[in-house]
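Hello,

Here is the structure for your files. My notes on the pocket, the cores and the ring pairs follow it.

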Amino acid sequence: MAAPLYSRLWHAGQILVVTVGLPARGKTHLAHAIQRYLFWLGVKCKVFNLANVRRDVLGTLEELPKDYFGTGPKDPQTLHMKERVWERTQEQIETFFEEGGQVAVYDANNSNQKERNAIRRRFSDRKIQIMFIECLCDDEEMIAQNIRSIYQYNPDYLGWDLMDVTKSFNIRIEQHKEYYEPITDPSFPHVQLLNLGQRIVMNNVRGYLQNRIVFFMMNIHNRDRTIYFARAGEALVEHSYKADAELSSLGAEYSETLCDFVTSLREQRKPHFDEAPAPSQRHSVSWFSDQSKPISPLPGRPQRGLEVWCSTRKRSVLTVVPFRELGCKVFELSRLCEMNPGVVDGMSMEEILQRFPDSVESKERDPYRFRFPRAESYHDLAIRLEPIIFELERTREDVLIVGQSSVLRCLIAYLQGNKPGEIPFIQVREGDLVEIRPQAFGVSSHVYSFWDPEKKRKERDIEFAARAAAELADESTANGDTVDGDAVKPDIEPASAPSAPPALDTMER
């Protein structure tokens, strides 16, 4: 299902999801993934990270006393500092629930039974359901990758060297192992995750929403991967859903350029274009920016493969032909087809306003749910795309999704945690490649411009006009049509660019 449907699930009650586990086990990645999914369902959800509160209250790592971490004897002042951070976090969670929040995710180690019992008592007294998620990991490569992600994105380690971060975190892991207590109490509602999805054990989990969270966790992983989004190429017949036209000559050129650009970008080479890739816009990012430290791949790990997903519409299928010829796996998925415009398919703006005079006002009032008769809204499209979202979470390779802008808006909104009402306003321009990387601390996004559609269309129009003029001049010369001894030169203006799509976004290029 999609976002607004789940605003009716308030009867599921308020839920506190508590992460449990040693450092570098993927807890933060899991917490933000759950938040992203619940946003999509329309559930008011927020992650409360203990380390973020600690930085706000106490400052950077360098400002902490040396005995802050670890299990040895602690100075009374240090104990007071830890108590302040813990209390501030609990207060923030309580305020969130008091202000109408439904699911809070408490992201911390919570490594011993005493801490977990204190959390359970405090929030159970407020009639809040508790669900513990214990992250276990015996995959050393996954732990190493998690530490590398911490080096790249964790504010605690700005300016640190990777070797120093690895050494510091390994010491912290060993310190936590000394007092770590796994969940064994059968009365605790909890889920145990081994290697973030390799094995899942449920105990005493109840309620529809809690089970939806568990089902989501069965489909996720925290492997590094990149997801790309690009529009399909120009069709011979634009703004007509029923036509299902093939690519124009310009669309075919676009598909080759897209393939060349994506291939060059993934190989970390400068693409063979006049300009190097540069950001053309910046999407709103829910939790993290794209300012990260560069890092080389783990030694011995091969480059991830690239899967290409497209709709079953001809323009999308033909746009990805160059990728198929390169040997990429191409999946044609009917759920990726654009929104059906219904009865206004192919109508001009004037025809739409004449037949549906209130349509502009209705769409401005609720652009997410607005639909014409026998058409789809963004809400309908979001419902249709939920299986794609789960497949996207399961996939471990890089993915390029090629389609129309309405579909791309919905999927980008899911990854970035945008609200449903923001979906119609996300820009996915023709000629842009949107790059999104899910990370432990949220997502990073970047947009590259590799194609100038207006420039290309002007060049095409000038070429067509010149060719037509030459043909008419040749025809006039062959027929002997002259004026004062000169061949007639027909007065031909360059063909105008294709008309802009209807303002109501009924059809899209």
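**Ring pairs, cores and pocket**

Y68 is buried, at a relative accessible area of 5% (buried means under 20% relative accessible area, exposed over 50%, partly exposed in between; 1.4 Å probe, protein chains only). F69 is partly exposed, at 26%.

Some ground rules. This is a predicted model: local features need pLDDT of at least 70, side-chain atom pairs count only at pLDDT 80 or more, and totals for chains, interfaces and linings use all residues. Residues are numbered from 1 along each chain as its sequence is written, and side-chain values use heavy atoms, with hydrogens and water left out.

Aromatic pairs: there are 17 (rings of Phe, Tyr and Trp, its six-membered ring, with centres within 6.5 Å; planes under 30 degrees apart are stacked, over 60 edge-to-face, the rest tilted). Y37 and F216 have ring centres 4.5 Å apart and planes at 5°, so they are stacked. Y37 sits in helix α1 and F216 in helix α7 (residues 208-217), so the pair ties together parts 179 residues apart in sequence (helices are DSSP runs of H or I, at least four residues; strands are runs of E, at least two; both are numbered from the N terminus). Both Y37 and F216 are buried. Y68 and F69 pair edge-to-face, at 5.1 Å centre to centre and 80° between the planes. Ring pairs also link Y254, F261, Y448, F450 and W451 into a cluster.

Cores: the largest nonpolar core has 60 residues (buried Ala, Val, Leu, Ile, Met, Phe, Trp, Tyr and Cys joined through side-chain atoms within 4.5 Å). L30, L38, M217, F229, I401 and L411 have the most contacts inside that core. A second, separate core has 24 residues, among them Y228, A232, V330 and F450.

Of its 50 lining residues, L50, A108, N109, N110 and H176 are closest to the centre. Helix α3 gives the largest share of the lining, five residues. Elements giving two or more residues include α1 (27-41), α6 (162-177) and β11 (432-439).

Best wishes

Methods
On a 1 Å grid over the protein atoms alone, a cavity is a set of points where a 1.4 Å probe fits but cannot get out, and a pocket is an open set with protein on both sides within 12 Å along at least five of seven lines; lining residues have an atom within 4 Å of a point.
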